[in-house]
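Let's walk through this model together, one question at a time. Have the sequence and the structure open as you read.

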Amino acid sequence: MSDAHEPLERRAEFRFYEELNDFLPARRQRRPFFHTFTGTPAVKDLIESLGVPHTEIDLILVGDEPVSFSHRIEGGERIAVFPVFERFDISPANRLRPRPLRRSRFVLDVHLGKLARLLRLAGIDCVYDKAFDDLDVIEMASSEKRTILSRDRALLKNGKVTHGYWVRATDPPGQLREIVEAFDLRRALSPFSRCMECNGRLRKADDADVMDQVPFAVLVAFDDFWRCESCGRVYWQGSHYATLAAILEEYSG
Ligand SMILES: [Zn+2]
């Protein structure tokens with residue numbers, strides 16, 4: 001006999017699809033499994049307790065019914081969880097959030113400074129400030145409608161986050177490739193349109209405009225110069241460009 005004061009153990013069956021499996025241990029990946037809990041928690045809390053941030057999720061089915069994040073789980077349900085960037089055709093009415101923000105603008109957490117520079121080099125709008133704490137990142141995301149990029153799952157689990165993405169790769173070039181793939185940014189890439197340092201817009205500049213800022217050898221060796229409208233920094237197709245070109249070449253084939 002169980003003690004009447006002992007909380008009743010309940011269990012439900014979960015199945016996670018596509019890249020949501022990245023958050024699960026191997027034994028739970030790509031297969032149904034049972035999860036035990038007490039009380040009647042919201043489905044969002046159960047899913048996050050399994051390690052998957054809610055920002056990664058676009059659709060939750062309990063049985064055949066789409067449910068909201070706050071839907072209570074009582075035990076015995078079969079729960080299927082689909083990612084934001086899934087490739088299945090799901091009718092828009094069922095989705096938990098608006099489609100991924102189409103104008104791809106990002107705010108990066110404090111650990112992703114190198115990725116921020118690469119994304120800007122590729123022309124993608126990225127706010128990054130090494131002085132930002134988690135709350136600054138979240139506020140920036142909501143006030144400017146930006147998607148948060150982070151390697152910190154705890155940050156993405158914050159209830160105020162609506163659009164976020166957990167960056168899997170650990171090396172900056174791999175992270176750039178991953179973001180271009182995940183957000184389908186190939187057509188948005190526009191090298192030499194954004195300042196690596198401040199995210200400002202770059203504008204084409206004449207030799208005469210930049211000669212006081214650029215070493216003479218550079219002035220002779222390069223034909224094209226750009227100036228940041230915000231901070232005034234001058235760019236030319238130097239070593240950064242070779243790095244970027246090598247990465248982007250993979251997408252042009
Ligand atoms: Zn700048």
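Q: In which hand does H2 pass H5 in their crossing?
A: This is a predicted model, where local features need pLDDT of at least 70, side-chain atom pairs count only at pLDDT 80 or more, and totals for chains, interfaces and linings use all residues. Residues are numbered from 1 along each chain as its sequence is written. A crossing is left-handed if the near helix is turned anticlockwise from the far one by less than a right angle, and right-handed if clockwise. The crossing of H2 past H5 is right-handed.

Q: Which residues make the contact of H2 with H5?
A: Contact requires C-beta atoms, placed from the backbone, within 7 Å. From H5 come Pro172, Gln175, Leu176 and Ile179, and from H2 come Lys114, Leu115, Leu118 and Leu119.

Q: Are H2 and H5 parallel or oblique to each other?
A: Helix H2 spans residues 113-121 and helix H5 residues 172-182; their axes come within 9 Å and cross at roughly 55°. Axes are lines fitted to C-alpha atoms, for helices over the stretch in contact, and angles run from 0 to 180 degrees between N-to-C directions. Angles under 35 degrees count as roughly parallel, over 145 as roughly antiparallel, 65 to 115 as roughly perpendicular and the rest as oblique. H2 and H5 are therefore oblique.

Q: Which residues of H2 are buried?
A: Buried is used here for a residue with 20 or more other C-beta atoms within 10 Å of its own, C-beta atoms being placed from the backbone. Seven of the nine residues of H2 are buried, so this helix is largely enclosed by the rest of the structure. Those residues are Leu115, Ala116, Arg117, Leu118, Leu119, Arg120 and Leu121.

Q: Which residue of E2 is the bridge partner of Glu9?
A: Two strands pair if DSSP finds at least two bridges between them. Strand E1 (residues 9-16) pairs with E2 in the antiparallel sense over six bridges. The partner of Glu9 in E2 is Thr38.

Q: Which are the edge strands of the open sheet of four strands?
A: The order of this sheet is E7-E6-E8-E9, with parallel pairing. An edge strand pairs on one side only, and this applies to E7 (125-127) and E9 (164-166).

How values were computed: Helix = DSSP H or I, 4+ residues; strand = E, 2+ residues; numbered from the N terminus. Contact = placed C-beta atoms within 7 Å. Buried ≥ 20, exposed ≤ 12 C-beta atoms within 10 Å, placed from the backbone.
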